[in-house]
Amino acid sequence: MKSIAKRISLVATLSLITTMSVNAQDGEALFKAKCTACHSVGTKKLVGPGLAGISDKRTQEWLVSWIKDSQAMIASGDADAVAIFEEYNKSPMIPFADMSDEEIIAMLDYIEAENSGGDATASEPEAPAEPEAPIEYSAADFEAGKMLFTGTKRFEKGGPSCIVCHNVTNDDVMVGGLLAKDLTNVYERLGDAGVSGIVSAPPFPAMVKSYGNNPLNEEEVKQLTAFFKYADEVSETQQKRSGFKLIAGGGIVGLIIILGLVSILWSNRKKESTKKDIFSRQLKGNDSVES
Amino acid sequence: MDIRAQVSMVFHLDKCIGCHTCSVACKNVWTDRRGAEYMWWNNVETKPGTGYPTKWEDQEIYKGGWVKDGNSVSLKGAGKLKGLKNIFHNPNMPVLEDYYHPWAYRYGDLFTAPEGDDQPIGRAVSLITGEPIDIKSGPNWDDDLSGTPDYARNDVNFKDLSPAEQESMFQLEKMTFHYLPRICNHCLNPACVGSCPSGALYKRGEDGVVLINQDRCRAWRMCVTACPYKKSYYNWHTGKSEKCILCYPRLESGQAPACMHSCVGRIRYLGVMLYDADKIEQVAASDDKNLVKNHLDIYMNPNDPKVIEAARNSGVHDSTIKAAQSSPVWKFVKEWGIALPLHPEFRTVPNLFYVPPMLPGMAQVDGEGTYNTASDELFPPIDHNRIPMKYLASLFSAGDTDVVRHVYDKMMAVKQHRRNETVGDLPKDKVEELMKTAKMSADTANAIFRLTSLATFEERFVIPPEHREESIEMLEATADHKGEAGFGFREKPARGL
């Protein structure tokens, strides 16, 4: 008995210690989970800026409050914050209000460590030299992407299809959900890196809930990106639909079917008072008696 | 053998004068409330007539009662699948017009009207809306054959009669009617209980009274349609269904129900019957031909030691068994066999029995079309009854005329035997022959005569001590509530209330 109690207390203490301290390893994990969709650790621009040397540019306090709620900073009129917002076409950064200060600092430490250690490696200087080679997508990629988007084909890990929450205005695709952002021109806004980044490791809370345990594989990311690219390119020529006709028409047809069923199923119900004949005979002129 | 006690009733139609005192007594005691204005837990109908609610006997309209289903019975209009299909809209519900639109008069106007050239009047106003209404019908609009073309000719029991037979009933010389007072039958196989989706209806163990728990009722109104006698009513004000409670608060204190106590013609009898609950399903599922016989066989002889033993074993109190032994219902229904259930073909095994009315048989139309009242006999044979036996069989024996005829044989035997005893002006051999046909002894005839015409209050109502204290003790510690006004349930019965 005693040994069991001891063991339990040991495990409890250990787990307490591990939860309390956030180490560099967590910083890496956190960065990959929350940031890589839009940011690189190097200087490469994705959706947002590359973060190399960020700790030298800004104070830690500034960074913590920016990460927690950038919009609040912009609203408060912080000059740097407003400048960045303007620079990136006023596309806001998602607030990470649920992250603790320790976690953010661990993440910043990771970025710093990555850059100081990586200076010697050849990865960083290569980046500017590399031209932005457009990724080629095949027609098959596009087709597969469309099927994934609409849910005709399931994601390998079983995540929900995009159309449940998102809409893309495209003649080939039915009207999608209105719960989340319209993705018709998402490719124009975010580009290859942005789209594939968000799709592969989504930072948005609702998407984290849906895809955290069943992420998309590389193939699927590529196919979806191909679809978004195509949808963006042809968006000008596509017809906007609200689905009103489908809902109203379906509703009317459904109502007719239901009323038809009711009239069949309850056809022999009691429709009138048993005194109907008696009452009608009480009216003047109706007083002839049958039989 | 699972012997249980049931408080049962006999209504002697031969004595009913159609005064509606029973209905009024019941109304004043129980249904003089908002939402219950249209309800008549006790009503008196004129037969032939359509009754209240109109055509209640026609189960093709209201889909009440049970139908034979192999070796068992199933509800005609309710049950699991049908009940689910119709739960939000019961398609066979009687509407208010099927009963009648209740009204009162503005009596106040008679006193407060300003002086003028015209007499003030008290207008009829609806008891539901309070607005003036034109009265179109009432709960006994067909009383004494009034409005005959509308009511009497539409009697549901004419279904087995040929048009000629029907027509003959409405010739002036043959016109006849009788009354049919009705209350809840407190059936052994109650369709209302079987149909309730909420389990709000139940049959009391100690006396078999069928009740609706007002806390459990969810206004599905399945009982309203399921009861083939239309004796469950929906209260539109409380949103609950209500029915005759056989005045159980009066029974518990040893008093006869209000309708029975007030009966002017003293037609009503009440007593305990012991029945075998194991047989209920078998009886309900009998062939039409054996329905009445099997129904009456379910009541066990309270003097049989085996029955007494079995009754004790299932918890029937000795005093209840004693009451069963002197029950007037036992005498009328089993010992003498002159009382029959109303519409046994509904298969609810009702516990209200009727001694059929001895209708006038004196007048006949002879071959030349002359109305002939001059008969050699004081009591013409029952075949000369103005009302066809088929009609009475439709009411009391699921169409079996032999059963009804046998009852009339007995009643005629009693009548002539008594005439012979008191006046002695009938041919002796003929009376004896009648007694033989009816298989009746002089003692029995005298006993029937006595209980029919001279019975005291105590003989008509043999109310068993209800032993409410025992029923309550199963659920409550009575001492805890000593001095309080009433008892609630501390632990609920397994199926709930």
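Of the 497 residues of chain B, 45% count as buried. This is a predicted model, in which local features need pLDDT of at least 70 and side-chain atom pairs pLDDT 80 or more, while totals for chains, interfaces and linings use all residues. Residues are numbered from 1 along each chain as its sequence is written, and chains are lettered from A in the order in which they are written.

Q: Which residues is B:N420 in contact with, leaving aside its neighbours within four places in sequence?
A: They are B:L426, B:K428 and B:V431, where contact requires C-beta atoms, placed from the backbone, within 7 Å.

Q: What makes chain B as compact as a globular protein of its length?
A: The globule rule is 2.2 Å times the number of residues to the power 0.38, and the radius of gyration is taken over C-alpha atoms. For 497 residues the rule gives 23 Å; chain B has 24 Å, which is close to that value, so chain B is as compact as a globular protein of that length. Chain B holds 21 helices and 17 strands, counted as DSSP runs (H or I, at least four residues, for helices; E, at least two, for strands) and numbered from the N terminus.

Q: Why are helix 9 and helix 12 of chain A called roughly perpendicular?
A: Angles of 65 to 115 degrees count as roughly perpendicular (under 35 roughly parallel, over 145 roughly antiparallel, the rest oblique). Helix 9 (residues 139-150) and helix 12 (residues 218-233) of chain A pack at about 95°, with their axes 7 Å apart; the two helices are therefore roughly perpendicular to each other. Axes here are lines fitted to C-alpha atoms over the stretch in contact, and angles run from 0 to 180 degrees between N-to-C directions.

Q: Which residues of helix 9 and helix 12 of chain A make the contact?
A: Among them are A:F142 and A:F149 of helix 9 and A:L224 and A:Y230 of helix 12. By class, this contact has 8 nonpolar, 2 polar and 4 charged residues; Ala, Val, Leu, Ile, Met, Phe, Trp, Tyr, Cys and Pro count as nonpolar, Asp, Glu, Lys and Arg as charged, and the others, Gly among them, as polar.

Technical notes. Contact = placed C-beta atoms within 7 Å. Buried ≥ 20, exposed ≤ 12 C-beta atoms within 10 Å, placed from the backbone.
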